[in-house]
Amino acid sequence: MRVLFFALVVFILQACSSVILEPADFSWPAEVVMSADNDGNVFEKRYSMTFNIKPLIKAEFGDSVSAAGKEIRLIRNKNGFYFIVSKNFKNVYTFLMKDGKLKSSGKIEISETGIESPAFNQRNNFIELLTGKQNFNLTEEGIEEKKNE
């Protein structure tokens, strides 16, 4: 009887175990450039993505009034982290998708005066940020390596 009970418990526990699909690569091949509407919403058809950037603009500039028409650059790395930057931002912001929201996972300080012309490139193990003056290799944890142009 104990053997039968033990076998039943093992069977039930195996049925409840989760399935893991790995390796998985969540990266996007190129950055997406999106402009905010009058309400601060940005839309991306290719990846079926929409969100409001007002909290991000407020975090960066202290005021969200200037969100309308603001252009942001967005890319996703292999680990599923989103990187967002815009002209005149001093920081690159990282986010994770959680419960139907983009949740901030960090802020990477890049410039004390603001980035003039930011652009992202997807690289094998990092996201490359081009600023026009310097290139930065970024991961969700920060700057991996700095190199001067």
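This is a predicted model: local features need pLDDT of at least 70, side-chain atom pairs count only at pLDDT 80 or more; totals for chains, interfaces and linings use all residues.

Trainee: What share of the residues is buried?
Mentor: Of the 149 residues, 36% are buried. The accessible surface is about 9,800 Å², and carbon and sulfur atoms account for 52% of that surface.

Trainee: Now the sheet. Which strands form it, and in what order?
Mentor: Five strands form an open sheet, ordered β1-β4-β5-β6-β7, with antiparallel pairing. The edge strands are β1, residues 32-35, and β7, residues 101-109, and each of them pairs on one side only. From one strand to the next, the twist averages 30°.

Trainee: How many bridges hold β6 and β7 in their pairing?
Mentor: There are eight bridges between β7 and β6, which covers residues 91-98. As an example, T94 has G106 of β7 as its bridge partner.

Trainee: Where does helix α2 lie?
Mentor: Helix α2, residues 54-61, lies across β5 (82-86) and β6. Relative to β6, the helix runs at about 150°.

Trainee: Change of topic. What do β2 and β3 form?
Mentor: Those two strands form a hairpin, with four residues between them. In the turn, S48 has a positive phi of about 50°. The pairing of β2 with β3, residues 49-52, is antiparallel and runs over four bridges. F43 has T50 in β3 as its bridge partner.

Trainee: Which residues of β2 are on its covered face, and which on the uncovered one?
Mentor: In β2, residues 41-44, the covered face holds V42 and E44. N41 and F43 are on the uncovered face.

Trainee: Next, R76. Where is it found?
Mentor: R76 is part of strand β4, which spans residues 71-76.

Trainee: Why does R76 count as buried?
Mentor: R76 counts as buried because its relative accessible area is 15%, and the cut-off for buried is under 20%.

Trainee: What is R76 in contact with, beyond its neighbours within four places in sequence?
Mentor: Those contacts are F26, S27, W28, F81, Y82, Q122 and I127. The side chain of R76 also reaches the backbone oxygen of G80, at 3.4 Å.

Trainee: And how are R76 and P29 placed?
Mentor: Along the chain, R76 and P29 are 47 residues apart. Their C-alpha atoms are separated by 8.5 Å.

Trainee: Last topic, the largest nonpolar core. Which residues touch the most other members?
Mentor: The core has 31 residues, and those touching the most other members are F51, F83, V92, F120, L129 and L138. The elements giving two or more residues to this core are β1, β3, α2, β4, β5, β6, β9 (127-130) and β10 (134-139).

Trainee: Which element gives the largest share of this core?
Mentor: Strand β5 does, with four residues.

Trainee: Back to L129. What is it in contact with?
Mentor: Leaving aside neighbours within four places in sequence, L129 is in contact with V85, V92, I110, I115, P118, A119, F120, Q134, N135, F136 and L138.

How values were computed:
Residues are numbered from 1 along each chain as its sequence is written. Side-chain values use heavy atoms; hydrogens and water are left out. Two strands pair if DSSP finds at least two bridges between them. Axes are lines fitted to C-alpha atoms, for helices over the stretch in contact, and angles run from 0 to 180 degrees between N-to-C directions. Contact means heavy atoms within 4.5 Å. Buried means under 20% relative accessible area, exposed over 50%, partly exposed in between (1.4 Å probe, protein chains only). Accessible areas come from the Shrake-Rupley method with a 1.4 Å probe; for residues, only the protein chains shown count as cover. A polar contact is a pair of N or O atoms within 3.5 Å; within protein, one must be able to donate a hydrogen and the other to accept it, and residues adjacent in sequence count only if both atoms are side-chain atoms. A nonpolar core is a set of buried Ala, Val, Leu, Ile, Met, Phe, Trp, Tyr and Cys residues joined through side-chain atoms within 4.5 Å.
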